[in-house]
Amino acid sequence: LGLALYAGIQGSAVSGASFLYHDYCVIGAGPAGLQAAYFLQRAGRDYVVFERSHAPGSFFALYPRHRKLISINKQYTGKSNSEFNLRHDWNSLLSHDRRLLFRRYSRDFFPNADTMVRYLEDFASLLKLRVQYNTAIIHVTLERNGQAWNGHYFLLTDQDKKNYKCSSLLVATGTWVPNVVNFPGSEYVEGYETVSINPEDFAGQTVLILGRGNSAFETAENILGVTNFIHMVSRSRVRLSWATHYVGDLRAINNGLLDTYQLKSLDGLLEGNLEDLAIVKDKKGKLHITLRFYLENRNFSAGIDSITLPQDELDNFATRAPYDRVIRCLGWKFDFSIYNRSLKLMPGKGDIKKYPQIKPSYESRGTPGLFVLGTASHSVDFRKSAGGFIHGFRYTTRAVHRLLEHRHHGVPWPSTVYPITQLTNSIIKRVNEASGLYQMFSVLADIILLRENATAFEYLEEYPVGVLAELEMQTGRKAPNGLFVIIMEYGRNFSGADKDVFYYNRAVGEAQHAWQSNFLHPVIYYYKQLPTEHEMRLRPPEWPLPRPDAIHHIVEDFLTDWTAPNAHILPLRRFLENCLSTDLRHFFAESCFLFAFTHQKLPPFCQQGYVRMQGLMGSEGLRRHAVQAGLLQDYTVTDSSGDRPPDSHDRSQDQLLRDHVIPVRPLQHLVNAKDE
């Protein structure tokens with residue numbers, strides 16, 4: 001009854017309050033919130049960003065505690081292509097302003113977190129993003145209204161009881177609530193968020209760290225040289241990012257403890273369920289590790305002397321030595337506390353319970369119009385791709401913006417139409433340059449929509465493959481004639497915590513074995529029709545897409561440069577030709593001229609170029625080069641060019657025909673053969 005009365009009072013207060021309206025409300029001015037604001041501002045939309053702190057990027061003002069980021073900042077790639085260079089810039093947000101590339105802020109390969117704070121401040125100020133600082137949203141609820149975009153408005157209240165109303169809510173608060181495990185004695189545990197970062201405070205001490213992620217190893221790395229020894233315990237084995245190909249797993253920059261463990265320098269790693277532990281403090285202030293079941297039916301407050309420790313029964317128990325300090329480094333989770341139950345924003349299950357449940361479109365499963373951006377959206381690709389990090393969610397945020405542009409403003413997903421003759425070149429260009437495909441492998445894909453009779457195609461970039469079945473509804477583009485999906489993938493069985501990724505003969509170099517490629521490489525799926533929701537649900541395990549009508553792997557490349565004519569381009573072109581039953585080669589005018597007499601149907605290149613009198617003007621030098629290269633047969637009997645320079649371009653087409661005399665008898669024979 002009390003709860004019902006409270007809810008009624010709250011409802012009355014909300015209904016009687018005045019609200020400041022915006023089409024879009026963004027909660028959080030971290031990297032994802034600022035990225036969303038940038039796209040909304042460029043599109044001229046009505047939006048506001050709420051930030052609880054006095055400046056953007058408040059998470060980075062505190063974390064990581066030891067101030068070194070693990071996102072790479074590669075200064076040089078040997079390329080001047082800005083899109084390609086973003087493949088190796090994990091800190092920059094997307095914008096049109098070249099001043100806002102992170103490499104202009106730091107030359108460190110692993111930059112300092114303070115630099116990230118300064119970068120985000122400049123990003124917000126230079127682009128004049130509409131951020132409302134010192135505004136902590138403390139409550140979010142719904143107001144049903146049939147006139148609203150999604151059938152309801154979102155009502156937000158801040159710490160000063162000011163109220164806001166919006167049609168679409170973008171949540172970009174990240175995961176910032178520390179994960180805490182409660183067990184007997186957990187009050188003696190220090191948190192990563194408050195523990196000292198001065199190594200001298202740990203001199204001569206014995207330390208136990210709970211957790212096995214980058215924050216745990218970062219903490220260990222800081223005190224490795226001053227402690228007696230460090231033990232680290234977690235429920236799962238260590239996952240090395242070079243083995244899992246997941247950037248959120250342990251990075252090499254922090255793994256010094258693995259050396260000291262395996263080289264027998266006192267430090268060590270243990271596996272165990274943290275909820276089964278208990279900590280007992282003795283009279284000297286030392287912390288003893290025991291198991292929860294030893295404390296059952298015991299007087300915990302009576303002191304350590306009355307408690308059975310594991311070493312009392314097993315004298316070589318691994319953690320029998322007492323510890324001076326126990327530090328919790330268990331990561332963070334999403335803050336669900338501010339969202340009213342009417343929003344149905346629920347935590348995920350299993351490994352993704354720290355994230356809210358969302359669809360592959362990044363929209364809440366329970367509430368239309370509520371989208372989750374940034375780190376908090378990582379449930380879509382947890383341990384699979386980079387969606388929980390700046391170099392991943394800058395692209396997924398752009399994808400969400402494009403979905404919203406079509407849904408609410410009728411703006412179709414950006415696309416470009418090309419003649420079919422440019423199909424091979426378009427794919428090769430994208431797989432060699434595109435940063436979104438490269439960073440968000442297996443999650444974002446380029447979509448090629450074929451036009452009728454495969455005479456042209458429409459190219460859409462970086463669409464979320466999880467909602468491929470909804471492509472026509474989500475983008476405003478039609479796919480009645482089939483489509484290609486271009487995506488980047490690792491080998492099926494190459495990644496994993498227990499995988500040896502350095503084994504001999506790990507790389508594939510021949511095109512005929514491309515399907516066995518292990519390292520990141522392009523994969524092209526061909527569908528005669530758009531896959532259905534049912535087919536998406538029944539796709540094979542670990543496959544990003546359903547089984548296609550045809551599939552092609554471009555063989556992995558040591559330089560990630562897929563431009564080799566024989567190994568990369570030729571097999572791709574033949575695959576496309578087989579799918580489309582057409583010839584995608586490019587031809588000289590002489591070849592198109594002969595095709596006109598010998599074939600009932602000209603190749604698309606001749607149809608779209610030569611027959612329409614398009615293409616490059618020929619020359620004697622070009623013809624001679626083609627003959628010497630074996631690309632053309634030498635039909636020339638006489639050359640009446642005289643003293644004219646072979647590369648002269650001022651001759652008429654009639655004169656060019658006279659210069660290249662084709663024998664009459666063979667030509668007449670070809671004409672007769674065509675007539676027959």
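C592 and C606 form a disulfide (a pair of cysteine sulfur atoms within 2.5 Å), with their sulfur atoms 2.0 Å apart, and the structure holds one disulfide. C592 lies in helix α16 (residues 589-598) and C606 in helix α17 (residues 604-610), so the pair ties together parts that are 14 residues apart in sequence; helices (H or I, at least four residues) and strands (E, at least two) are taken as DSSP runs, numbered from the N terminus. The torsion about the S-S bond of C592 and C606 is about -80 degrees, so this disulfide is left-handed. C592 is buried at 1% relative accessibility, and C606 is buried at 0%, where buried means under 20% relative accessible area, exposed over 50%, and partly exposed in between (1.4 Å probe, protein chains only). Two further cysteines also count as buried, namely C25 at 0% relative accessibility and C579 at 15%.

The model is predicted, with local features needing pLDDT of at least 70 and side-chain atom pairs counting only at pLDDT 80 or more, whereas totals for chains, interfaces and linings use all residues. Residues are numbered from 1 along each chain as its sequence is written, and side-chain values use heavy atoms, with hydrogens and water left out.

Strand β1 (residues 20-27) is mostly covered, since six of its eight residues are buried. Strand β1 is joined by seven bridges to strand β6 (residues 163-171), and the two run parallel, while four bridges pair β1 in the parallel sense with strand β2 (residues 47-50); two strands are said to pair if DSSP finds at least two bridges between them. Y24 stands opposite S168 in β6 and opposite Y47 in β2. Together with helix α2 (residues 31-42), β1 and β2 make a right-handed β-α-β unit, in the sense that, with the strands pointing away from the viewer, the path from the first strand over the helix to the second runs clockwise.

Leaving aside neighbours within four places in sequence, H88 is in contact (heavy atoms within 4.5 Å) with I72, N73, K74, T77, Y438 and Q439.
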